[in-house]
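Keep the viewer open as you read.

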Amino acid sequence: MKAWWEHLGVREQWLIGGGTVLALCILGYVLIWEPFQSSHRRLQQRVAEQRADLAWMRQAAQEIQRLSNSAGAAQPQADGRSLLTRVDQTARTAGLGAALKQITPQGDDKLNARLDAVEFDKLLAWLGALEREHRIMLINLSVDRTETPGRVNARVLLQGKQP
């Protein structure tokens with residue numbers, strides 16, 4: 001290789017040397033600099049996305065905190081009526097008075113109720129209102145369909161939540 005180099009003219013040596021330096025620079029750019037820059041851009045983009053996610057999470061956390069504080073303030077207070085009275089009155093208010101056939105107390109904080117030929121949609125709305133507005137929790141629900149479409153026979157076990 002050395003002999004070949006010495007047989008070249010000075011101009012050819014400069015040309016080959018310059019070409020080698022240029023090839024090394026291009027290889028360095030393609031193999032080192034460009035992957036580094038590409039990775040750097042990708043990481044900057046990920047950081048920006050994660051900062052946006054963090055800002056959204058902080059805002060959502062504040063909204064959750066605000067809602068939980070307002071929900072705590074809006075919790076229904078016990079009105080002094082017995083569980084039996086509240087269930088009976090809310091059923092009648094919800095239009096289920098004719099369907100409510102039997103209410104059996106199970107201690108101070110639980111009761112069984114039997115509803116015959118009740119509209120299923122009204123039953124679900126009533127049960128939801130009991131929990132949301134009157135702090136009465138559904139423990140067990142047994143539903144049998146009737147011959148009339150949209151109506152069911154239901155047996156429920158309800159429990160009054162402690163204040």
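Among the contacts in the protein with a separation of 6 or more, 50% are between residues 24 or more positions apart. Please keep in mind that this is a predicted model.

With that in mind, let's look at the layout. The protein has four helices and four strands, and read from the N terminus their order is α-α-α-β-β-α-β-β. The radius of gyration is 39 Å, well over the 15 Å that the globule rule gives for 163 residues, so the protein is more spread out than a compact globule. You can see this in the C-alpha trace too, which spans about 115 × 40 × 25 Å along its principal axes.

Next comes the surface. Buried residues account for 18% of the 163 residues. The protein exposes about 12200 Å², and 58% of that area is supplied by carbon and sulfur atoms.

Now zoom in on threonine 90, which sits in helix H3, spanning residues 83-93. Is threonine 90 buried or exposed? Its relative accessible area is 12%, and because the cut-off for buried is under 20%, threonine 90 counts as buried. Within the chain, a polar atom of the threonine 90 side chain lies 2.8 Å from the backbone oxygen of arginine 86. If we leave aside neighbours within four places in sequence, threonine 90 is in contact with Trp126, Leu130 and His134.

Our second stop is threonine 146, found in the loop between strand E3 (136-145) and strand E4 (151-160). Threonine 146 has a relative accessible area of 23%, so this residue is classed as partly exposed. Which backbone oxygens lie by a polar atom of the threonine 146 side chain? One belongs to threonine 148, at 3.2 Å, and another to arginine 151, at 2.9 Å. Arginine 151 also turns up among the contacts of threonine 146 when neighbours within four places in sequence are left aside, together with Val152 and Asn153.

Technical notes. Residues are numbered from 1 along each chain as its sequence is written. This is a predicted model: local features need pLDDT of at least 70, side-chain atom pairs count only at pLDDT 80 or more; totals for chains, interfaces and linings use all residues. Side-chain values use heavy atoms; hydrogens and water are left out. Helices (H or I, at least four residues) and strands (E, at least two) are DSSP runs, numbered from the N terminus. Buried means under 20% relative accessible area, exposed over 50%, partly exposed in between (1.4 Å probe, protein chains only). A polar contact is a pair of N or O atoms within 3.5 Å; within protein, one must be able to donate a hydrogen and the other to accept it, and residues adjacent in sequence count only if both atoms are side-chain atoms. Contact means heavy atoms within 4.5 Å. The radius of gyration is taken over C-alpha atoms; the globule rule is 2.2 Å times the number of residues to the power 0.38. Accessible areas come from the Shrake-Rupley method with a 1.4 Å probe; for residues, only the protein chains shown count as cover.
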